[in-house]
Amino acid sequence: MNFNETVVFVSSGMLKPKKRDNYLARRQQYLNYGALTLATLLEERGYSVKLFHGGHEHPISFVDMLNQFGVFYSKYPLMISMQSLYALEWTQEFTKLVKNIYPTKTIILGGRWAIGSDPLWIKQRLPFVDRVEGGLGEDKILNLAESNNHKRISINSNQVLPPEVLNHQIVDKYELFQPNIEVSRGCGMGCDFCEERSIPLTKLKPAIHVADQLQKVALQYNDFSIRPYLQSSFFAPNKKWSENLASAVAKHEKIIQWRCESRVDALKPESIKYLALGGMKAIDLGLESASPQQIINMKKSNDPDKYLRSASELLKACRDNNVYVKLNYLLYAGETEKTIDETIAWLDEHADCIKGISVGPVVVFGAPTASKDFVENLEKLGASLVSQEELYQKGIGHIHPSAKISSDDAEEISIKISKKYMVMDDYFYLKSFSYYPRNYNFDDFKKDVMCSDKEKLPFYI
């Protein structure tokens, strides 16, 4: 590939995993489908494009690899996508190294959620970045790509739609990543901790289009054993859409298994049978808590009893249709022994419906000005920041959930609960379904387990 004529995207890596730092966590990789969306748009318009993922590789070795490829000789700006503020420190070091080697290289940074409402704060922390662009990038990317050439391209933003199918072959070592298919955007359900709480939900893609895209992505890989993630922050198809998907998928010779995420009170049990027939095999469900008070505190629902009834019915429907559930449990502000016991009691009743569980305390994200109201809400419920300085410098604020439960206590509780409901084999299955490299097998996994501190692993061995 002639990188002089190539638009290069870099998905920022992380110096350490966002939760617990161990061999297993460092194996995880996240396909940056936002960056891939923009890269695919450019390719559709005739550009040569390549997307590299920083992963958990150190910036020094990553820059060295890119340098050997000749990436920095591209006549186009270097496009960096920072998916999360957990990637901020990696991005700081990476951009400094690039500018030290190529001082005239133009670096443009995007990342909808990481930049948020305060791009100036991000720019102050990334002095080697030339330009910070917040928000969605579909209607900007052509002009950004041509900014070095002072070329202005007329774009009607209303006409710039995401590509129907992302070209995963643009990704360096794409065959190691599980693919993504975006089916909707937004949520708007108002949960206090969620970035998309006030962003309206867009309409789901037609089911027949999703079935077609699953097949097209499999052809990109030349492999029908891929396990795509259907990207939607709030996946809530009704029964009719689900029936249409099952019908459309049945017309193809091979069924492709996929994964998605939703709320426990959004996806209706009667849809599960048809979604399973359409290939749904694993689902991430945001329960967050089974304590009535905590459900209200989070603004998950004003009717906890109804919320938990819906959750119970959905989990049982998934179990009965052989769909594996990974449940999310959030230790929130105001947590007490009583609220935790209430959730554990509910989990005990539904243990046969749960394949895995992700447990952890709420974390504050964003510039101090942008996160101020959320921090105040947490404090009113009895929580406190572990470090104001951490939030100011990194945009990440860990919390003590309450006066009686510290941040360290919350971590200990999280691991204990995870081990109670998740065994090693199930943990591997769920991670390998979406996040582990496609060539990482169970024997590799067991070797990494043996090299890890087993007391801090979130599953029972």
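1. A friendly place to start is Asn 167, which counts as buried at 15% relative accessibility (buried means under 20% relative accessible area, exposed over 50%, partly exposed in between, with a 1.4 Å probe and protein chains only). Asn 167 sits in the loop between α7 and β6 (180-182); helices (H or I, at least four residues) and strands (E, at least two) are DSSP runs, numbered from the N terminus.

2. Before going further, please note that this is a predicted model, in which local features need pLDDT of at least 70 and side-chain atom pairs count only at pLDDT 80 or more, while totals for chains, interfaces and linings use all residues. Residues are numbered from 1 along each chain as its sequence is written, and side-chain values use heavy atoms, with hydrogens and water left out.

3. Which residues does Asn 167 touch? Setting aside neighbours within four places in sequence, Asn 167 is in contact (heavy atoms within 4.5 Å) with Leu 36, Thr 40, Glu 43 and Gln 220. With Glu 43 there is a side-chain to side-chain polar contact of 2.9 Å. A polar contact is a pair of N or O atoms within 3.5 Å; within protein, one must be able to donate a hydrogen and the other to accept it, and residues adjacent in sequence count only if both atoms are side-chain atoms.

4. Now to helix α2 (residues 33-44), whose twelve residues reach 16 Å from first C-alpha to last, close to the 16 Å expected (1.5 Å times one less than the number of residues). Its buried residues, including Leu 36 and Thr 40, pack against β1 (6-11), β2 (48-53), β3 (78-81) and α7 (141-145). At the start of α2, a side-chain oxygen of Asn 32 comes to within 3.3 Å of the backbone nitrogen of Gly 34. Just after the helix, Gly 46 takes a positive phi of about 100 degrees.

5. Strand β9 (residues 280-288) is largely enclosed by the rest of the structure, because nine of its nine residues are buried. It pairs in the parallel sense with β8 (residues 258-263) over six bridges (strands pair if DSSP finds at least two bridges between them). Trp 258 stands opposite Met 280 in β9. β9 also pairs in the parallel sense with β10 (residues 324-331), over six bridges, and here Gly 286 stands opposite Asn 328.

6. Finally, the cysteines: the whole structure holds zero disulfides (pairs of cysteine sulfur atoms within 2.5 Å). For Cys 260, the nearest cysteine sulfur, that of Cys 318, is 8.6 Å away.
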